Amino acid sequence: MRKLIALIAACALFLGCVCAAAEGQTDAAQGDGPSGWRITNDINMDLDACRTLVWSIYPTDAAARKAMRSAVLLNAMEPALTITEDGIQLDVTLNGTQALSLGGQLTQDSVAIASTLLPSYVITVPTEKIMAIASSVASLFPSRKPTPKPDDDSGEALPPAGDTVPAEAQPDAGDDINPLIERISRFITEDGPEQGVFTVNGATFDLKRTYNVSPGGFVGIWDALVDWLFANEGVNTIIGIANNVGAKITAEQVKSLPPLDRLPRLTVTNYSHSLSGGSLVTATATSGDEKDVYGDGWIAFTGEAVTAWLQLPPWEVEADFALFQGDGVQLELNVRGKQPLCYATYSDAADAIRGNIRLPAWQSDASFELARTNGGLSGRLDTNYRKYYFGARFDAAPYDASGEGLVFNASVSVDDPSRLLFQEIFTLQPNSALTLDFSDANKTVLPIASLVTDEGKHIPAILTDLTINGLGELFVTTVKAVPELLQLLPGMP
């Protein structure tokens, strides 16, 4: 990690201090280095589709041209980062043509930095200087001090000064949920248990329990919950902050929120079978006088499935739910009103996870899949809203047959599923060598300290090499590799 910090810091220092001077030597060895990795990222876009999209978004021709220049350059660019135990190198190609390289290599006592921006020079930075810079940066962040230990070396942390440890710690009233459950249970009445033969929804049970909550019971439950929340230390802290800014909140105000004239009467019945282990729970919510039905439903549990049904007459909504568990998990949800509102499915099998949702009332749907293939993963997402389409795909697999490395391929489609607007290919592959020349065979080696000691006498030569050979060659390479950029300049047709 120290080596990596030194390399990154040195490369950053090099970009800001290309004006170094005084000749020197470096003993960076050439040839195969230690094992490492090469990371590449290639982005491909449909420029015709991008042009249509960009010109529809940007209001002016100048802004659209600027956006398209970025798209064209991004489409042509392929960056690659090579990391080994003794070096790091960044390479950028444009449509397969090498355009820019920058890297650093560790020697015994320094970091040698080279780049195509300075083709005639190698800059060396002492390792001690880089580590001093890294230490200075690290010192800007506060460190956590260890808790002091008692004199008897017992290993127990001392309490903060001025605090005392009570003989018996008592939980805060708002943290202990047991009193809340006990208070709520007082407002729930129970009928049963009742034994016999009960047939419900085509299934037979031998035990029945019925629970009732009146509208007044719901008031009691709500009051108990509010009292418990206001006794909680964390909730009280938030309420105190609100009170300080003028938003007065009291327990009595919160208790008065439920509409007393519309609170339901709830009846819940639990049917169970002592041998099969299956159970069924039904629930009905009515008005206080039981003339109007607010909601009705049931949920059934068996060894391999959970099924449910819900009806809400005031909203004319009905829903079915099923969850099956065998070799995998399968889920189905169907919601209906005056017309179908929603249909959703989900399955988790050994080879893939799939899901689908349809919203007929909004003329939209979506589906997804996550599958395991060839030692990797693949996934997709497709969505439609009226006439608009959006799709995304990705594949992740080992880089080679040995299972080393990774290839990640992702793509996005808009309007046409068969036409990729955007594609990204990310590759992590084994690599053991840097390709930049860090030696003094064809270059002048400059210690960065010579910027001061030699009074900058080499600065004119370095600036000339940077502007004419480095940036000049980069400009020529870019124009040849990406000629579309010239057509997007201001004033060009």
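A contact means that heavy atoms lie within 4.5 Å. The structure is a predicted model, in which local features need pLDDT of at least 70 and side-chain atom pairs count only at pLDDT 80 or more, while totals for chains, interfaces and linings use all residues. Residues are numbered from 1 along each chain as its sequence is written, and side-chain values use heavy atoms, with hydrogens and water left out.

**Exercise 1. Describe the protein chain as a whole.**

Step 1. Helices (H or I, at least four residues) and strands (E, at least two) are DSSP runs numbered from the N terminus, and the protein chain holds eleven helices and 22 strands.

Step 2. Taking contacts with a separation of 6 or more in the protein chain, 46% join residues 24 or more positions apart.

Step 3. With buried meaning under 20% relative accessible area, exposed over 50% and partly exposed in between (1.4 Å probe, protein chains only), 31% of the 493 residues of the protein chain count as buried.

**Exercise 2. Find the aromatic pairs and classify two of them.**

Step 1. Rings of Phe, Tyr and Trp (its six-membered ring) pair if their centres lie within 6.5 Å, and planes under 30 degrees apart count as stacked, over 60 as edge-to-face and the rest as tilted. By this rule the count is three aromatic pairs.

Step 2. Phe205 and Tyr271 form a tilted pair, 6.0 Å centre to centre with 35 degrees between the planes. This pair links distant parts of the chain, since Phe205 is in strand β8 (residues 203–213) and Tyr271 in strand β9 (residues 265–272), 66 residues apart. Phe205 counts as buried because its relative accessibility is 6%, and Tyr271 counts as buried because its relative accessibility is 11%.

Step 3. Phe394 and Phe408 form a stacked pair, 5.7 Å centre to centre with 20 degrees between the planes. Phe394 is partly exposed because its relative accessible area is 25%, and Phe408 is partly exposed because its relative accessible area is 29%.

Step 4. Ring pairs also link Phe198, Phe205 and Tyr271 into a cluster.
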